[in-house]
Amino acid sequence: CPPISGCNDDMEELLHWFDLIGIAVFAFSGVLAAGHKQMDLFGAVVLACVTATGGGTVRDIILNIPVFWLEHTYYLWIAAITGVVSFYLIRYLRVPMRLLMVADAIGLAVFVVIGTQKVLEMGYSATIAIVMGVMTGTFGGVIRDVLSGDIPLLLRREIYATAALTGAAVLVALDASGQLPRELVVAIAVFVTLAIRLAALRWNLSAPVARFGQD
Amino acid sequence: CPPISGCNDDMEELLHWFDLIGIAVFAFSGVLAAGHKQMDLFGAVVLACVTATGGGTVRDIILNIPVFWLEHTYYLWIAAITGVVSFYLIRYLRVPMRLLMVADAIGLAVFVVIGTQKVLEMGYSATIAIVMGVMTGTFGGVIRDVLSGDIPLLLRREIYATAALTGAAVLVALDASGQLPRELVVAIAVFVTLAIRLAALRWNLSAPVARFGQD
Amino acid sequence: CPPISGCNDDMEELLHWFDLIGIAVFAFSGVLAAGHKQMDLFGAVVLACVTATGGGTVRDIILNIPVFWLEHTYYLWIAAITGVVSFYLIRYLRVPMRLLMVADAIGLAVFVVIGTQKVLEMGYSATIAIVMGVMTGTFGGVIRDVLSGDIPLLLRREIYATAALTGAAVLVALDASGQLPRELVVAIAVFVTLAIRLAALRWNLSAPVARFGQD
């Protein structure tokens with residue numbers, strides 16, 4: 001729904017707010033990554049925009065629907081303005097790596113759930129909804145990490161893909177049960193994803209790690 | 001063709017089997033790459049799925065046809081299950097790097113040929129069929145290597161792009177000559193690609209290498 | 001317009017020439033990057049083709065229009081032939097890094113302007129035209145740098161994104177004012193982009209750099 005005139009129903013409004021929050025926190029995480037690599041202002045803003053819009057762009061291209069920011073240009077503006085503001089803001093920050101992780105976790109949680117929900121509504125199966133939801137939530141961060149020259153957070157051992165998969169699966173399961181109002185289902189799935197990811201960061205949790213015979 | 005009810009003709013069945021083999025060996029190569037980087041279970045499974053489906057996904061997006069795994073979800077399941085099984089299997093392996101190369105070579109050979117064949121059947125020219133075939137066969141591995149933080153095998157000096165180009169060209173040439181049954185043409189092209197790539201690995205062959213005046 | 005029979009008007013012809021120049025210089029820059037990483041002949045040619053066509057491919061996929069080289073195969077041939085010729089040519093070169101930067105700057109300037117112009121003509125807003133123009137001009141180089149294992153030039157601190165954004169904005173502004181002939185507008189925008197980028201390279205100019213509180 002458009003930014004000023006509002007949405008048609010509560011569900012749409014909730015998803016729209018989550019969308020805007022996701023765009024802003026991922027843009028912020030892009031600027032933090034740019035700070036670690038001493039990029040310049042416009043490099044940082046480009047990285048902010050790519051991180052914020054990358055997951056949804058890949059989702060829309062694969063589903064062959066119009067890329068969301070072509071029609072709703074304000075997503076780009078929110079990402080760019082957040083990028084510029086963050087660029088000057090981070091000069092007063094002292095814990096950038098932890099902040100990047102938390103911003104990324106919030107973006108991950110809202111985008112996984114929004115992506116899964118949108119694809120379910122389009123009539124796809126649970127499998128596709130979960131895969132596309134995980135993709136929506138993770139690919140912006142993957143692009144950010146690859147462009148910054150890092151191994152993507154998604155593939156490291158800190159319960160990242162696990163949190164995304166669980167959140168998407170919780171949404172699909174609660175949606176299929178049909179017991180709870182849809183707004184509540186969305187809020188629970190966001191909460192679960194975020195809680196798993198923040199718990200993994202806080203207590204350094206890790207899933208089983210791949211290793212070879214001779215190790 | 002669907003996994004249980006079977007295919008309409010022999011050619012379709014051959015291509016379908018090659019497709020499934022390609023998905024499985026590329027998924028396995030993704031888990032091996034994950035093992036080298038000590039990724040966790042779900043990170044490894046995500047990398048397996050992306051490696052297995054990446055080349056075909058890029059091909060379908062560029063040709064603007066429905067992405068193959070949106071309709072045939074079992075491709076994703078095969079990649080994911082192969083990923084989980086491989087994750088536990090590699091704990092008993094001792095020569096992971098060589099195995100990664102061989103699995104990758106098999107995937108390369110079948111996907112280059114399937115990709116070239118599909119694009120020829122859609123009525124595109126030989127040039128486009130070869131380019132799209134090489135892309136189908138190589139981009140999954142490229143994505144795997146980029147996400148793992150390595151220079152893609154495709155661009156290193158071990159006769160990788162050469163094998164893919166030769167295999168695609170052999171298919172196009174034999175197809176144009178029209179002398180041989182199509183199943184045989186496909187099998188020969190897969191064999192040629194695989195033979196060149198494995199020979200390059202076995203005897204450390206290399207094409208001419210780019211170098212500058214001052215070197 | 002096709003390579004032999006010519007174009008319908010002067011504007012189309014100017015853009016077409018710029019397009020061919022952009023393809024050739026980006027292909028050359030891809031081979032230079034391949035030389036720095038000692039890739040082999042076909043790896044270098046693949047990198048040349050991907051660098052030359054990457055930006056326009058991503059643009060066409062996002063706009064959901066046919067990818068330009070599917071119909072006009074000669075773009076691929078120009079990239080591939082430039083790649084092979086450059087591969088042997090660079091053996092006689094002595095300043096490859098500077099040359100890579102200059103070739104990249106020319107490709108950037110022409111592709112940013114062509115991309116912006118094309119998207120304006122399709123009826124999109126100034127915001128989308130600028131974003132897509134910057135994408136057309138920069139993504140080929142981004143893919144080249146990521147595949148070579150480098151942080152993209154786009155994100156480093158040498159006035160790269162800044163030059164692209166300024167060039168695209170100049171085109172949109174002059175186009176909106178409607179005072180000048182369109183060929184001149186295009187030529188001015190290319191000149192401005194190139195001048196900013198080359199000046200940044202020559203005098204080591206840099207935009208403000210992202211940094212944290214504790215630095």
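This note goes through a predicted model point by point, from the arrangement of the chains to single residues.

1. Surfaces used between chains. Of the interface residues of chain A, only 9% are also interface residues in chain C, so these copies meet through different surfaces. The figure for the interface residues of chain C that are also interface residues in chain B is again only 9%, so here too the copies meet through different surfaces.

2. The nonpolar core. The largest nonpolar core has 225 residues, and the members that touch the most others are Trp69(A), Trp69(B) and Trp69(C). What does Trp69(A) contact, leaving aside its neighbours within four places in sequence? Within chain A, Trp69(A) is in contact with Thr53(A), Thr57(A), Tyr75(A) and Leu76(A). From chain C, Trp69(A) is in contact with Ile62(C), Ile128(C), Val131(C), Met132(C) and Met135(C).

3. Leu70(C). This residue lies in helix α3 of chain C, which covers residues 68-71. Leu70(C) counts as buried because its relative accessibility is 13%, and the cut-off for buried is under 20%. Not counting residues up to four places away in sequence, Leu70(C) touches Ile62(B), Leu63(B), Tyr124(B) and Ile128(B). Within its own chain, Leu70(C) is 13 residues from Thr57(C) in sequence, and their C-alpha atoms are 9.8 Å apart.

4. Packing of α1 and α4 in chain C. Two packed helices are described by the angle between their axes and the distance between the axes. The axes of α1(C) (residues 10-36) and α4(C) (residues 74-89) come within 8 Å and cross at roughly 40°. That makes α1(C) oblique to α4(C). The crossing of α1(C) past α4(C) is right-handed. On the α1(C) side the contact is made by His16(C), Asp19(C), Leu20(C), Ile23(C), Ala24(C), Ala27(C), Phe28(C) and Val31(C). On the α4(C) side it is made by Tyr74(C), Tyr75(C), Ile78(C), Ala79(C), Thr82(C), Gly83(C), Ser86(C) and Phe87(C).

5. Thr51(A). Leaving aside its neighbours within four places in sequence, Thr51(A) is in contact with Phe26(A), Ser29(A), Gly30(A), Gly140(A), Gly141(A) and Arg144(A).

6. Asn64 in chains A and C. Most residues other than glycine have a negative phi. Asn64(A) is not a glycine, yet its phi is positive, at about 55°. Asn64(C) also has a positive phi, near 55°. Where do these residues lie? Asn64(A) is in the loop between α2 and α3 (68-71) of chain A, and Asn64(C) is in the loop between α2 (41-63) and α3 of chain C. Asn64(A) is partly exposed, with a relative accessible area of 43%. Asn64(C) is partly exposed as well, with a relative accessible area of 42%.

Methods
Residues are numbered from 1 along each chain as its sequence is written. Chains are lettered from A and ligands numbered from 1 in the order in which they are written. This is a predicted model: local features need pLDDT of at least 70, side-chain atom pairs count only at pLDDT 80 or more; totals for chains, interfaces and linings use all residues. Side-chain values use heavy atoms; hydrogens and water are left out. A nonpolar core is a set of buried Ala, Val, Leu, Ile, Met, Phe, Trp, Tyr and Cys residues joined through side-chain atoms within 4.5 Å. Buried means under 20% relative accessible area, exposed over 50%, partly exposed in between (1.4 Å probe, protein chains only). Contact means heavy atoms within 4.5 Å. Axes are lines fitted to C-alpha atoms, for helices over the stretch in contact, and angles run from 0 to 180 degrees between N-to-C directions. Helices (H or I, at least four residues) and strands (E, at least two) are DSSP runs, numbered from the N terminus. Angles under 35 degrees count as roughly parallel, over 145 as roughly antiparallel, 65 to 115 as roughly perpendicular and the rest as oblique. A crossing is left-handed if the near helix is turned anticlockwise from the far one by less than a right angle, and right-handed if clockwise.
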